[in-house]
Amino acid sequence: MLMAHSVRLVIALLHICALSFLNILEISNGSESDIYCLRSIKDSVEGPRNYLKNSWNINNNTVGFICEFVGVECWPPDANEVLNFQLSHMMLWGQFPRDIENCTHLTGLDLSANELSAPLPFDIGDLIPFVSKLNISGDKFFGEIPKSFVNCNFLMVRLD
């Protein structure tokens, strides 16, 4: 009887270890998409101060390293999951970064007071579906407001 109880205990502990390992793998896969997101943003926008090119060292392998980047906020702070971008007033130019969709935990995006231009992507609502705070004021986007903004179910509107 005691032996059967010990075997069940060992099996339960093995299950717990296996689940923990799978959670670690899942976190690293989520991190890979966020790292890809950052790499594509770094490559798609330019700026005279080279904030992103000089400070975003994508080749680092330590846990939470992307959370140290200028303008990047993560939660929890030691994870490689981007929650917010605060990239205002960096004199960035280029287009709206399409690969931002790879930052799958993104809830805030501030690209304001830069020189970003071109029409906003027609599918912007699919690129940033969980964003609740979006600030693109002071940029030079033009064209129609994309209808896909209706897919941003969490977007809050401020009327000042």
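## Disulfides

A disulfide here is a pair of cysteine sulfur atoms within 2.5 Å. This is a predicted model, and a search of the whole structure turns up 2 disulfides.

Take Cys37 and Cys103 to begin with: their sulfur atoms sit 2.2 Å apart, and the link is left-handed, with -110° about the S-S bond. Cys37 belongs to helix α1 (residues 2–44) while Cys103 is in the loop between β4 and β5, so this pair ties together parts that are 66 residues apart in sequence. Both cysteines, Cys37 and Cys103, are buried.

Then there's Cys67 with Cys74, joined at an S to S distance of 2.3 Å. The torsion about the S-S bond of Cys67 and Cys74 is about -100°, so that disulfide is left-handed. Cys67 and Cys74 are buried. Number the bonded cysteines in sequence order and the pairing reads 1-4, 2-3.

## The open sheet

Four strands make up an open sheet, ordered β1-β4-β6-β8, with mixed pairing. β1 (45–46) and β8 (140–142) are at the edges with a single partner strand each, so one side of each has no neighbour in the sheet.

β1 pairs with β4 (residues 93–94) in the antiparallel sense, over 2 bridges. Glu46 is found opposite Trp93 in β4.

## The largest pocket

The elements giving two or more residues to the lining are β3 (82–86), β5 (108–110) and β7 (133–135).

By class, that lining has 11 nonpolar, 6 polar and 3 charged residues.

Definitions and conventions:
Residues numbered from 1 in each chain as written. Predicted model: local features only at pLDDT ≥ 70, side-chain atom pairs only at ≥ 80, totals over all residues. Heavy atoms only, no water. Nonpolar A, V, L, I, M, F, W, Y, C, P; charged D, E, K, R; others polar. Pairing = 2+ DSSP bridges. Buried < 20%, exposed > 50% of the residue type's maximum accessible area, 1.4 Å probe, protein only.
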